[in-house]
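Please have the sequence and the model at hand while reading.

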Amino acid sequence: MSSSLYRRLHGLFTKPNTLTPLPKTPKPTTLNTLEPLLPESSISSTDKRLRALVKKFKAASDSERFRTRNYGYEIAVRRLAAAKQFSYIEDILEHQKKYKNISNERFTVRLMSLYGKSGMFEHAHKLFDEMPQLNCERTVMSFNALLAACVNSKKFDKIGEFFRELPEKLSIKPDKVSYNTVVKALCEMGSLDSAREVLDEMEKNSFEPDLITFNTLLEAFYRNKSFSDAEKVWALMESKNVVPNTRSYNPKLRALISDNRISEAVELIEEMGRKGVKPDIFSFNALIKGFRDDGNLEEAKRWFGEIVRNDCCPDRSTVKMLLPFVCEKGDFDFAFELCKEVITRRFIIGTATMQLVVDGLVKESKMEDAEKLVELGKSNNYFHYKLKMAGDQEGKSGNGFPVDEDNGGLVLYDSVKEVRRSWFYLQHQEDTCKQCTLVSSSSCRNIGTD
DNA sequence: CTAGGGTTAG
């Protein structure tokens, strides 16, 4: 990287930024043990479940096969991070050092990435520093993982420093991924012009910007509703023969929608079709949001239909937008069908929204459907609804019961398998619908319309 | 190791 970019980065990265600080994360310690923080009696049931997860996770780590799959790590760490249980994350990740995989750079980089995504930058950094003594080779891959950890933990000021010092110190040459990560960092900081200038630096260093570089910039400009700047980036991308994909179009769709330009968004999604760029669930959700905000029930439902027609899967966002909306519009037949679909696939709908549908069906004298829905909700294997029919006595309906309590949440594995077998999988080959995997993996939990 | 909206446990 040229010295001019060093200077620019340095200047940018040392300016105080206005981002709100993340919650405090613990400093790394050398302890691998997890001491109880509270007396047993005052430990909440949530915490009990998380402790069970930690225990189960460490036991599962003994399995070679478990360690090769990042998926279980992602799920567990995401849950712990959501609960702000950073010491638990430290516990399960530091535990991984006892396995021989730790001298494999890919494995260690995965752990750094998990720390980064949890906002635990210090831990990621410490792990990077420890790599030599863990007998783990450090290439540009781990350098990039460190940069990514900065971005994910919003420690933007560190990036300039690392870029200035580490390559020389460790004889590592930054590559295209390194530059793309810098672009992302500048975008997240709101320094969009500087982000675009990195393109020139890349070319000076003989790196051609790729689809990720351009999509990162497009996303930032469109989010900012800087349409004319975004169009310039788009033109540059095409002049470099980089072919736009779905993720180039989606930010533009969202920008048009949030600018109340629905018909232009519809035109754009049609253009995607003509150019052979397949719209995905993000594209359809953007349009559905537009029509929902416009109060247009028919169009919202029509685009829901397009999801299935285009071999796509609705996701939690789709349901969350549509269900309350169609209830408000009084279309309880549609609401009923949607609920039924969602529940039988073991997705969860918020109880309040379910109640909304049940009440609506009752009000329309569709008692049979209402009862069917209540039964469906109650018979759901993983969760329980407290749904009431008119005339039910208070408290008569079931109480919630937790996800397989002995299994510390690793039950997600099983439910993912279940979901994979169902939902729109009935219509698709498993391997060809990666998107469905993503949907199902994150939707075993509450689809959250309450 | 790099690009996704708006949220995510009782």
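**Surroundings of S178**

Apart from neighbours within four places in sequence, S178 is in contact with V140, F143, N144, L147 and F163, where contact means heavy atoms within 4.5 Å. This is a predicted model, in which local features need pLDDT of at least 70, side-chain atom pairs count only at pLDDT 80 or more, and totals for chains, interfaces and linings use all residues. Residues are numbered from 1 along each chain as its sequence is written, chains are lettered from A and ligands numbered from 1 in the order in which they are written, and side-chain values use heavy atoms, with hydrogens and water left out.

- S178 belongs to helix α10 (residues 176-189); helices (H or I, at least four residues) and strands (E, at least two) are DSSP runs, numbered from the N terminus.
- With a relative accessible area of 0%, S178 is buried; buried means under 20% relative accessible area, exposed over 50%, and partly exposed in between (1.4 Å probe, protein chains only).
- The side chains of S178 and N144 make a polar contact of 2.6 Å.
- A polar contact is a pair of N or O atoms within 3.5 Å; within protein, one must be able to donate a hydrogen and the other to accept it, and residues adjacent in sequence count only if both atoms are side-chain atoms.

**Chain A as a whole**

- Chain A has 23 helices and 0 strands.
- Of the 450 residues in chain A, 48% are buried.
- Among contacts in chain A with a separation of 6 or more, 65% are between residues 24 or more positions apart.
- Chain A has an accessible surface of about 22,400 Å², and carbon and sulfur atoms account for 50% of that surface; the areas come from the Shrake-Rupley method with a 1.4 Å probe, and for residues only the protein chains shown count as cover.

**N70 and its partners**

- N70 is part of helix α4 (residues 70-82), and its relative accessibility of 24% makes N70 partly exposed.
- Beyond residues up to four places away in sequence, N70 touches R110 and L114.
- The side chains of N70 and R110 are joined by a polar contact of 3.0 Å.
- From C-alpha to C-alpha, N70 and L114 are 9.6 Å apart in space, although 44 residues apart in sequence.

**Helices α6 and α7**

- Helix α6 (residues 105-117) and helix α7 (residues 121-130) have axes that come within 7 Å and cross at roughly 160 degrees.
- Helix α6 is therefore roughly antiparallel to α7; angles under 35 degrees count as roughly parallel, over 145 as roughly antiparallel, 65 to 115 as roughly perpendicular and the rest as oblique.
- Axes are lines fitted to C-alpha atoms, for helices over the stretch in contact, and angles run from 0 to 180 degrees between N-to-C directions.
- On the α6 side, T108, L111, M112, Y115 and G116 meet H123, A124, L127 and F128 of α7.

**Helices α19 and α20**

- The axes of helix α19 (residues 332-344) and helix α20 (residues 351-363) come within 10 Å, crossing at roughly 135 degrees.
- Helix α19 is therefore oblique to α20.
- F332, A335, F336, C339 and I343 of α19 make the contact with M354, L356, V357, G360 and L361 of α20.
- T344, also in helix α19, is partly exposed at 43% relative accessibility.

**Helix α11**

- In helix α11 (residues 192-204), the buried residues are L192, S194, A195, V198, L199, E201 and M202.
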